[in-house]
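Thanks for making time this morning. I would like to walk you through one structure, and I will go slowly so that each step can be followed on the screen.

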Amino acid sequence: MNKNFSQEDILKKHETNIKSASTAILLSGILGLIYVVRYIISGNFNFYFSLSFTDLLLRLSENKGSIILPAVISIAYILAYASLSVIMSKNKKAIFAGLGIYLFDFACLIYSFICVFPKPVDSAHFIDVIVHLFVITFLIVGIISQKKIKE
């Protein structure tokens, strides 16, 4: 670190990084909820961000008839995100769980690109990739900051 910063400034920066990680999880959960509710109401996938697991569930069940079970599972998954965000604000070690669940969601996004989305993939789907990479970055920075605070 730069020697011009006090220990208090450095600590505050690391605390902000950890808070940013939990906020990123919360915001992705809120956007994911908006996506699911919007899909239930309108029946289309035209929204710029979703949690990939919920998107995958909805897309795979679209031609199967009932949307109720995938919608319930999707909302439960999103509530897990909200709960995780609250837990992360209280217990800083939960950032690892946040990174794990978000990497799972990123894997679902990659699977969607390879197996689910029609080819060629619409460029609007790349917004999901960018947002996922930003959230993963926030989580990794939060984990690094958590380790530095321990030191």
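Asp55 and Arg59 sit 4 residues apart in helix α2, which means that about one helical turn separates them. In general, an α-helix has 3.6 residues a turn, so residues three or four places apart point the same way. Please keep in mind that this is a predicted model, in which Asp55 forms a salt bridge with Arg59, their closest N and O atoms being 2.9 Å apart. The structure holds 1 salt bridge. Are its two partners, Asp55 and Arg59, buried or exposed? Asp55 is buried because its relative accessible area is 3%, under the 20% cut-off, and Arg59, with a relative accessible area of 18%, is buried as well.

Let us turn to helix α4, residues 95-116, whose 22 residues should span 32 Å at 1.5 Å a residue, and whose end C-alpha atoms are 30 Å apart, so the two values agree. Among the buried residues of α4 are Ile95, Gly98, Leu99 and Tyr102, and what covers the buried residues of this helix includes α1, α2, α3 and α5.

That brings me to the largest nonpolar core, which has 32 residues, and in which Leu51, Met88, Tyr102 and Leu139 touch the most other members. Two or more residues of this core come from each of α1, α2, α3, α4 and α5. If we leave aside residues up to four places away in sequence, Met88 touches Ala21, Ser22, Ile25, Ala94, Ile95, Gly98 and Leu139, and of these, Ile95 and Gly98 are among the buried residues of α4.

Methods. Residues are numbered from 1 along each chain as its sequence is written. This is a predicted model: local features need pLDDT of at least 70, side-chain atom pairs count only at pLDDT 80 or more; totals for chains, interfaces and linings use all residues. Side-chain values use heavy atoms; hydrogens and water are left out. The expected span of a helix is 1.5 Å times one less than its number of residues. Buried means under 20% relative accessible area, exposed over 50%, partly exposed in between (1.4 Å probe, protein chains only). Contact means heavy atoms within 4.5 Å. A nonpolar core is a set of buried Ala, Val, Leu, Ile, Met, Phe, Trp, Tyr and Cys residues joined through side-chain atoms within 4.5 Å. A salt bridge is a side-chain nitrogen of Lys or Arg within 4 Å of a carboxyl oxygen of Asp or Glu.
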